[in-house]
Amino acid sequence: MRHDGRSRAEDAHPAVGVHQSHVLPPYPQGEFGPPPATAAGLTGCPACGAPVGGGTQRLLAALRASESRFRAAFADAGIGMALIDADDHIIEANPAFAAMIGRDSADLARMHIHRIIEPEDAPRRLYLELMRGERDRLRVEKQLKHRDGRTVLGKVTISLIRDDTGRPLYTLAMVEDITEQRLLGDRLAYQSLHDPLTRLPNRALFFERLESAFEAAGARRPPARLGLCYVDLDGFAAVNEMLGHHIGDQLLVAVAERLENGFAQGEDRLLARLGGDEFALLVTGSRGSEQLTELAAQLVEALELPFEVAGHQLSVTASVGVVERPVDGTTPIDLLRDADSTLYWSKADGRARWTLYDADRGAHQLTRQRLATALRPALERGEFTVEYQPLVGLADGAVRGAEALVRWRHPRYGTLSPDRFIPLAEESGAIVPLGKWVLEESCRQARRWLAEFPDTETFVSVNLAARQIWDSDVVADVAQVLAETGLPARLLQLEITESAVLGPGGRPLQALQALADMGVRIAIDDFGTGYSNLSYLSRLPVHVLKLDGTFIEGFRDPQPERRPRARREAADEQIVGAMVQLAHALGLTVTAEGIESAAQAERLRLTGCDTAQGWYFARPGEAELVAAILRKGRPGPAPV
């Protein structure tokens, strides 16, 4: 024994040194078993059989224990594992890997891996780099062949096993079955891109395909064309209301099936449900507007056929907006905006029809949208003003009052007359604040006239929209304005169209009665163009009838070229005369609009008409116009 405690046998056979590679032997090719020394239970050097010391024996025991743990982990692992040699043959596979592909572990020994996994160029190249020792690990997703023919998707991690000199020996493949995970992901992706009711592509997928279509079409030279049919069912809400939403849903499914079977065939078409009862048919590589309008006509015709739904025979129609154009110069947003506008036109034009996009009409619609959006901010910025047109007594030519006419001094479009923006204000609800502002301005001005001309008591006539009655407390508003301005109620006249008050009774009648009780004059504007329910008129709190200008056309100067129309004009004159007599019998006064000549004014005077307004007397103008006429005594040429 040496002074350092080492035996001569250990000096002759140092375990870590000369025979290190034999103490840590590699797994032999073609088998997976313990090192020879371990298998034989030897206590000598595995290379030469010479006895070894205790340190080496402990190292061998540690190796045996380590290998035992590895084998247990290999066999019991929850994921698939396989050892693969340099020739792509399986050395050994664990039960999890065998079960994953429907085989036994024993069947896999010596099997070429390509019988299970198809080789692919890119992953194969990376694998060869791994086997050459240029990388230590490789992660890929691969399709594995199951024994019954189906495909198993696996997430594969391949690690390189080297010997103690660094030379590649074999690879260890660990495979995780992600088939269900991928199927779940695919199902979720499908559900996110398809309508759950009709199974058609939904809005998200439609926009995705539309963007892709633009990119593909724009890359072509010359750029391709795209077309879109935007479909909306007419009267679908009535089906839901009468039969219930479950029947409505079944009807939507039937509509989707008919559209898909008839119009969605081919790679150049995509049919989608955009929501509710709206569908869209996208056509890539369009051949022109004729193709799209023909498709739209077929769509309208196909949906006119009745549907059998849950024992009900349901008939629906469809309105279709059509847009077709080259990709150059447009965007997906432009395409959809114009399709939506065109669909709106189809609805407005009577429904059950298709309408092709028209740029001029589109520009008009865009202007309307801009005006509607700018109404409320314009009121806050003070862009509105009020002009006044005198109301003249036909008997003496004296000014009795003036109608307040609001104007919009738009910074881009110039001065706009009421017919350009009042309908928009009524649709959007902006008519309520705008109407109150006009009322305030007009009453303040009438109070100034009263202060300057106290003997004339010139009244102001202000138009009142029906929505002002429904959406605000108009009675309280009028009372507040009169109190703030000091204008007597008798000098305020409110004009409202007959269609707004001659329908079913209720809040409008109550409001008008309260206003009349307050002393405000009530005038029915454009009389003769609405219900014309004369028996109902006798029960309304009305003081004035304003005849629509169409009746005044029969009072123009007789001209030879207009003799064929003389009979109609005579009838108009008789109708006006009868309405004047009826109004007077009911204690009402009558105002005629649109007077353009002295002859018209005289003929109307002879019918008994009380007051009139029109360009013959004065065009609408600033408040000073009315004041100047009041100073002069009459607006212009006196009636003959």
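This is a predicted model: local features need pLDDT of at least 70, side-chain atom pairs count only at pLDDT 80 or more; totals for chains, interfaces and linings use all residues.
Biologist: What does the chain contain in helices and strands?
Modeller: There are 24 helices and 21 strands. Of the 640 residues, 45% count as buried.

Biologist: Why is tryptophan 408 called buried?
Modeller: Buried means under 20% relative accessible area. Tryptophan 408 has 0%, so it counts as buried.

Biologist: And what makes phenylalanine 421 buried?
Modeller: The relative accessible area of phenylalanine 421 is 0%. That is under the 20% limit, so the label holds.

Biologist: How many aromatic pairs does the whole structure have?
Modeller: A search finds seven. Tryptophan 408 and phenylalanine 421 form one of them, with 5.7 Å between centres and 90 degrees between planes.

Biologist: How do you know that the charged end of arginine 619 sits over the ring of tryptophan 615?
Modeller: CZ of Arg must be within 6 Å of the ring centre and within 35 degrees of the ring normal. The charged end of arginine 619 is 3.5 Å from the centre of the tryptophan 615 ring, and it counts as over that ring. Arginine 325 likewise lies over the face of tyrosine 357, at 5.3 Å from the ring centre.

Biologist: What makes strand 7 and strand 12 edge strands?
Modeller: The open sheet has five strands in the order 7-8-6-11-12, with mixed pairing. Strand 7 (269–275) and strand 12 (354–356) each have a single partner strand, so one side of each lacks a neighbour in the sheet. Neighbouring strands of this sheet are turned by 20 degrees on average, direction ignored.

Biologist: How do you know that strand 6 and strand 8 pair?
Modeller: Pairing needs at least two bridges. Strand 6 (residues 225–234) and strand 8 (residues 278–284) have seven, so they pair, and they run antiparallel. Glycine 227 stands opposite valine 283 in strand 8. Helix 13 (residues 332–348) lies across strand 6, strand 11 (317–326) and strand 12, at about 145 degrees to strand 11.

Biologist: Why is leucine 270 called buried?
Modeller: Leucine 270 is found in strand 7. Its relative accessibility is 10%, under the 20% limit, so it is buried.

Biologist: Which residues does leucine 270 contact, neighbours within four places aside?
Modeller: They are Pro201, Phe206, Arg209, Ala280, Leu281 and Leu282. The C-alpha atoms of leucine 270 and arginine 209 are separated by 8.2 Å, yet the two are 61 residues apart along the chain.

Biologist: What makes strand 17 mostly covered?
Modeller: Five of the six residues of strand 17 (residues 492–497) are buried.

Biologist: How many bridges join strand 17 to strand 16, and how many to strand 18?
Modeller: Strand 16 (residues 459–463) pairs with strand 17 over four bridges, in the parallel sense. Strand 18 (residues 521–527) is joined to strand 17 by five, also parallel. Glutamate 495 is the bridge partner of asparagine 463. Glutamate 495 is also bridged to alanine 523 in strand 18.

Key:
Residues are numbered from 1 along each chain as its sequence is written. Side-chain values use heavy atoms; hydrogens and water are left out. Helices (H or I, at least four residues) and strands (E, at least two) are DSSP runs, numbered from the N terminus. Buried means under 20% relative accessible area, exposed over 50%, partly exposed in between (1.4 Å probe, protein chains only). Rings of Phe, Tyr and Trp (its six-membered ring) pair if their centres lie within 6.5 Å; planes under 30 degrees apart count as stacked, over 60 as edge-to-face and the rest as tilted. Axes are lines fitted to C-alpha atoms, for helices over the stretch in contact, and angles run from 0 to 180 degrees between N-to-C directions. Contact means heavy atoms within 4.5 Å.
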